[in-house]
Amino acid sequence: MAEGYFPKWRQQDTASGRVIAPDERLAWPPTIAMGVQHVVAMFGSTVLAPLLMGFDPNLAIFMSGIGTLLFFVLVGGRVPSYLGSSFAFIGLVISVTGYAGSGPNLNIPVALGGIIACGVLYAIIGLIVMAVGTRWIEALMPPVVTGAVVAVIGLNLAPVAVKGVSGAPFDTWMALATVLCVGLVAVLARGMMQRLLILVGLLLAYALYAVLTNGLGLSKPIDFAIVAHAAWFGLPHFAAPVFKPEAMVLLAPVAIILVAENLGHIKAVSAMTGQNLDRYMGRAFLGDGLATIVSGSVGGTGVTTYAENIGVMAVTKIYSTLVFAVAAVIALVLGFSPKFGAVIQTIPGPVLGGVSIVVFGLITVAGARIWVQNKVDFSDNRNLIVAAVTLVLGAGDFTLKFGSFSLGGIGCATFGAIILYALLRGRGASAPAAM
């Protein structure tokens, strides 16, 4: 019997505790409950990324729903994934817009043109993969390269987070208290609360800040007036892109990082479900690329598949793709609430800075985790040199200038890692360099 574009989604009972496959489904009440859980899982990062870039977090939530539905259709409902705001764009967006780190970003249109360029390149890569497969990507970006590039994102952003909380002494101490809140949740919490360590830690720090400022008057209090005056329902604040070649060239290579993320996520889901999803890889890249184009076209952030939601699937053993369609619809509803967006805007700068320190650190460690999981051999000088040079280029924000165009730290590190690995390929392993 011919396979349809979408699966049949056979209904299963959760009582047995068995794995619910992507082409299976639960009854509607637990499906909706799981959809809510996935919205909560993606919420912290999807909101934090736009705040760090000066984007509208309400619009980011809304476009995450649009992007997830678009992805769902492109892969024929066969790859379980949620698409949320990507952290890979943060450093470069801040660079091209000159964003100061607080309040709305007045140069968002310039960044949007670059985000669209990235989406176009990503979609083209997806079409190529659909035609010839993924082997060329795995050869171009082996684990030593992808691990270094991911780690560089966190290292490059570290000065942004630290500088943002290095003003008033109260802000500095509050940022450290926020880091402690997240750490305590990570270590002491259990179950789903532990998986939501960023969100729960942020809420605890937010409450602490309110007590110390609104209650004890130690610093600038939280202004809840914007929440009171915001409407319950309304359209998100859309913005139109401006296409500047220098911003487009700078942001387009982020597609390489998104490809590496999506590739790893699909491999992980394949391993957990026992289903080989490689044949949908090209369509997944295309869906993610088109979602980034659509998001950037109206003022949203670039998007990527979310490891947070893969973690939820690993815990629950529920991989039904219908759950993600439900989660996307819930995100759309939240995106139509200005009051919800106003609540997000009240998050104090020191709290946001403290969370940023944790998140950027976790991104850095995620790169090292790629090396560990793939058993990268650092007794091979090729791997050692590629990783070492990439990390320093990115962390030091090494910049190359070509006339009026500048390629910043993340871009230099990304291209440097790929080119350096290719140049050193086939030269053979040797003893590690002397320390």
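Where is threonine 301 found? In this predicted model, the residue sits in the loop between helix H13 (281-298) and strand S4 (303-305).

## Model confidence

The mean pLDDT of the protein is 84, and 93% of the residues score at least 70. Residues 429-435 have a pLDDT below 50. Beyond near neighbours in sequence, that stretch has 12 contacts in the model.

## Threonine 301

Is threonine 301 buried or exposed? With a relative accessible area of 1%, threonine 301 is buried, because the cut-off for buried is under 20%.

Not counting residues up to four places away in sequence, threonine 301 touches Pro50, Met53, Phe55, Ala60, Ser85, Ile115 and Ser295. With serine 85 there is also a polar contact, made side chain to side chain at 3.1 Å. Isoleucine 108 is 193 residues from threonine 301 along the chain, yet their C-alpha atoms are separated by 9.7 Å.

## Serine 64

Serine 64 belongs to helix H2 (residues 57-74). Its relative accessibility is 0%, so serine 64 counts as buried.

Which side chain makes a polar contact with the side chain of serine 64? The partner is tyrosine 82, at 2.8 Å.

## Nonpolar cores

The largest nonpolar core has 100 residues. Within this core, Phe87, Phe89, Ile90, Phe285 and Phe360 touch the most other members. Once neighbours within four places in sequence are set aside, phenylalanine 285 is in contact with Tyr122, Ile125, Gly126, Val129, Ile137, Val259, Asn262 and Leu263.

There is a second, separate core of six residues. Among its members are Ile20, Leu26, Met34 and Ile318.

## The largest pocket

How much space lies in the largest pocket? The volume is about 1,700 Å³. The pocket is lined by 44 residues, of which His265, Ala307, Glu308, Ala366 and Arg369 are the closest to its centre.

Several elements give two or more residues to the lining: helix H1 (28-53), helix H6 (143-164), helix H8 (191-195), helix H9 (197-215), helix H12 (254-273), S4, helix H14 (307-316) and helix H17 (349-373). The largest share, eight residues, comes from H17. Strand S4, which contributes to this lining, is also the strand at one end of the loop that holds threonine 301.

How values were computed
Residues numbered from 1 in each chain as written. Predicted model: local features only at pLDDT ≥ 70, side-chain atom pairs only at ≥ 80, totals over all residues. Heavy atoms only, no water. Core = buried A, V, L, I, M, F, W, Y, C linked by side-chain atoms within 4.5 Å. Buried < 20%, exposed > 50% of the residue type's maximum accessible area, 1.4 Å probe, protein only. Contact = heavy atoms within 4.5 Å. pLDDT = per-residue confidence, 0-100. Helix = DSSP H or I, 4+ residues; strand = E, 2+ residues; numbered from the N terminus. Polar contact = N/O pair within 3.5 Å; in protein donor to acceptor, adjacent residues only side chain to side chain. 1 Å grid on protein atoms, 1.4 Å probe; cavity = no way out; pocket = protein on both sides within 12 Å on 5 of 7 lines; lining within 4 Å. Points joined across faces, edges and corners; volume = space filled by probe spheres on them.
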